[in-house]
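Colleague: I would like to go through a model with you, one question at a time. Please keep the terms plain.

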Amino acid sequence: MELEKVYEPQRFEPRWAEWWVEQQLFVAGKNRQAPVFSLVIPPPNVTGSLHMGHMLEHTEIDVTIRWYRMRGYDTLWLPGTDHAGIATQMVVERALAEEGLTRHQLGREKFEQRVWQWKEQYGGTIKRQMIRLGASCDWTRERFTLDPGLSRAVREVFVRLFEKGLIYRGEYMINWCPRCETALSDLEVVYDPTPSNLWYIRYPIRDGGGYVVVATTRPETMLGDTAVAVNPEDSRYRHLIGKTVILPLMNREIPVVADPIVDPEFGTGVVKITPAHDPNDFEAGKRHKLPSVKVIDEHARMTGEAGPYAGLDRFEARRRVIADLEQQGLLEKIEPYELPLSKCQRCKTPLEPMVSTQWFVRTKPLAEPAIQVVKDGRIRFIPENWTKTYFDWMYNIRDWCISRQLWWGHRIPAWHCTDCGGITVDRVDPTECHHCRSPRIEQDPDVLDTWFSSALWPFSTLGWPDQTDDLRRYYPTSLLITGFDILFFWVARMIMMGLECVGDVPFREVYIHGLVRDAEKQKMSKTKGNVIDPLDVTEKYGTDAVRMALLQGAAPGTDIVLTEERMAASRAFANKIWNAARFLFLRAQDSGFEPRLPEGGPDLDGAPLEDRWMFSRLNRVIEQANRAIAQYRYHELAQTLWQFFWHEFCDWYVELKKLRFTPASGWTRDWQNSLSAFETALRLLHPAMPFITEELWQRLAAGVSQRPMSIALAQYPQPQPTWEDPKAERDMELLQQIIVAARNLRAELRLDPKQQFQGTLYARDSAYEVAREHQEAIARLAGVTLEIYAGEPPELKPPVRSTPEFDLMLRVPGAQLEALKRRIHKEVDELERLVENSRRQLENPEFRKRAPEHVVQSLRERLAEYEAKLESSRAVLQNLP
């Protein structure tokens, strides 16, 4: 069972990824007596492929679910994808455009068929990627938001909310995307600070002469003005209230109204009121019973109401309007002005506020219990600061526009009667109007906002509205791990819908992770060209290494900086584990047996110091690892495991064990303890690095009958109080200090690493006993054979290294010592010259003036390096006899 010489994760990672799924290791419900831990995946868009944000999220979920599974819980990680209404429709429409077709030419039914074909062809990408990256999901329960069961749940919720008066249809101001040709909720709007202007326009006053000046950022919408307004408290304009002005370019009389909406400090203190094209004006229009004149249509072109500007694009109309105002002497001035331009989150097209008949959810009654459950602690946000953010939004929540003018998605289950105008909403498709019994009914053409079905995800995926076994067992789920960017889109709405539909919270805890940023701490985006493809870097470094690199930076409340250096270092860590295993396996074969899982635990009664120390340290690391995962401190888990495996198990324990293994010894206590420690460490590492630990554990488990099928089903190590040995830890620390002191002396003196040297050690208290007992280990690991004495030295002869516990003096042969002194004197002379030259250059004002800043900075850095080396070399000389 020889382990391959080179660590090549690409050779075994795909094999284990497929094997885990084939063996159905992660299927929930196998042990109905076990406690339950469940969570649902934040469903990725079916259109997409995984990015590093997904990989971070899935790694954190996977670490957590594997930990619970190894602790004996009945675990469910339910996977699936979202139909992603706008995103998917856009992708398929682009494909149609390449064929010279539009969805309207194809027709609704055939277009929907094309989208389903596209989903079947490309929709499996996410699943394949997740399996390859080791996500331990229950793939037998995979869901899609347009599955029949989920569609039934969506319809049931819509009907229930409609029957309770929580869903209604009304004419309101909505955000309209002319590119996507659909309404958007407030959360689907991004605001882009954009340099623009304030145009000051003169509105002539009828019956009295003169004019009022109105400031606007959108002169093209003035064509739809139906009033101008002033603040009722503004004494400058009180005399105008009730009068009329002439709307420039349109020559229409419009009233002057008083409304508190007007900020006297903005512009001139007089504003135009365009009820059809501004949300504040829409409300003002209702208050003053003003007509609504729509001058921009759904394609962002001017309507017939815009008179001579009809048919123009809105921005071209703006240019024409400004030119005509200027020509007629009605444009008083133009001032630069930055405005927060509202854009579509999906396609970044500037949005058009538009009055439209849409479907809405009345959210206030749903938000109140959703606020209360967080107040009561039934749902906890981690980090805690997100609780305030959640409350701020929920207290100011607005009704949710849920209708979208798309063809892909859950079609709204409402039918409009041609005869009586009534609306029929039902759980099954009706054949007649419920109001007048007319058969002439047509289904509403709109579909539901994607987030409506996503809001039901924690319970619709478990079979609701039926009271299924899965729903009873796994709802509420235990945990949600997600990003802050969908806290309101998704998390808040799941809480509202879970309470309303099921009567309980959808999850107990919500862990909010940060963003993955590049080496310059920039957010990753396609436009910046800094996106990292998870499959590219896992192919290069191995999945375990990328997972470890992500976990190391995953402190709660912070973003993760992912660099090539960190991934390369993590691969080196995985390689260290591999090499430790290879050494143990080869030496076991030299000792006359195949390495295997040890039966029982370690044998520590009378065991050597390194064994007692190793298991005492393991006990502490086990405590720390369990606590770190329980508290979602993934960075502490990664750092703890890294420090332990590399710097304690490999650097010290394995090195000391090399001195004890002997050929043809057979199975000894040294092997029992060594392989017990190694196998325990593999189980500790498994949730973070599942592939390499499975590969190595299976090598140990080969031929052992009484064992779990996989390390993923083995027990996660738990603290063992009997392993705790403070004295062994103190003694080992002393041994390490002695060895490190000798190594450092040798390194400082630049001595030949292969040459064995002599030395003298004066040790006090426990250090004396430790040194005497481990004299051979010191000689082998430090390359120094010591004469050891108790107490204080009669005199200190350099080179020496002293601590409160010991003084270690190294004996360097005379000729070698003189050659060493000459070499270091020469180094000091050269460094002094470099320091003097660098300082002289930096003190020269002409050089600092003419040289580029990066050249000056580079010289400063080199000077600091020369000075540090000079100080070190002088210290070495002082430490020589």
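Colleague: Is C420 buried, exposed or partly exposed, and at what relative accessible area?

Modeller: This is a predicted model, in which local features need pLDDT of at least 70, side-chain atom pairs count only at pLDDT 80 or more, and totals for chains, interfaces and linings use all residues. Residues are numbered from 1 along each chain as its sequence is written, and side-chain values use heavy atoms, with hydrogens and water left out. Buried means under 20% relative accessible area, exposed over 50%, and partly exposed in between (1.4 Å probe, protein chains only). C420 is therefore partly exposed, with a relative accessible area of 40%.

Colleague: Is C433 buried or exposed?

Modeller: The relative accessible area of C433 is 0%. C433 therefore counts as buried.

Colleague: How is the pair of Y632 and Y634 classed?

Modeller: Rings of Phe, Tyr and Trp (its six-membered ring) pair if their centres lie within 6.5 Å; planes under 30 degrees apart count as stacked, over 60 as edge-to-face and the rest as tilted. The structure holds 46 aromatic pairs. In the pair of Y632 and Y634, the centres are 6.5 Å apart and the planes are at 45°, which is tilted.

Colleague: And how is the pair of F645 and F678 classed?

Modeller: The ring centres of F645 and F678 are 6.2 Å apart. Their planes are at 65°, so the pair is edge-to-face.

Colleague: Which residue lies over the face of W20?

Modeller: A charge sits over a ring if NZ of Lys or CZ of Arg is within 6 Å of the ring centre and within 35 degrees of the ring normal. Over the face of W20, at 4.6 Å from the ring centre, lies R66.

Colleague: What is the volume of the largest cavity?

Modeller: On a 1 Å grid over the protein atoms alone, a cavity is a set of points where a 1.4 Å probe fits but cannot get out; lining residues have an atom within 4 Å of a point. Grid points are joined across faces, edges and corners, and a volume is the space filled by probe spheres set on the points. The lining of the largest cavity includes L50, M55 and R547. The volume of the largest cavity is about 70 Å³.

Definitions and conventions:
On a 1 Å grid over the protein atoms alone, a cavity is a set of points where a 1.4 Å probe fits but cannot get out, and a pocket is an open set with protein on both sides within 12 Å along at least five of seven lines; lining residues have an atom within 4 Å of a point.
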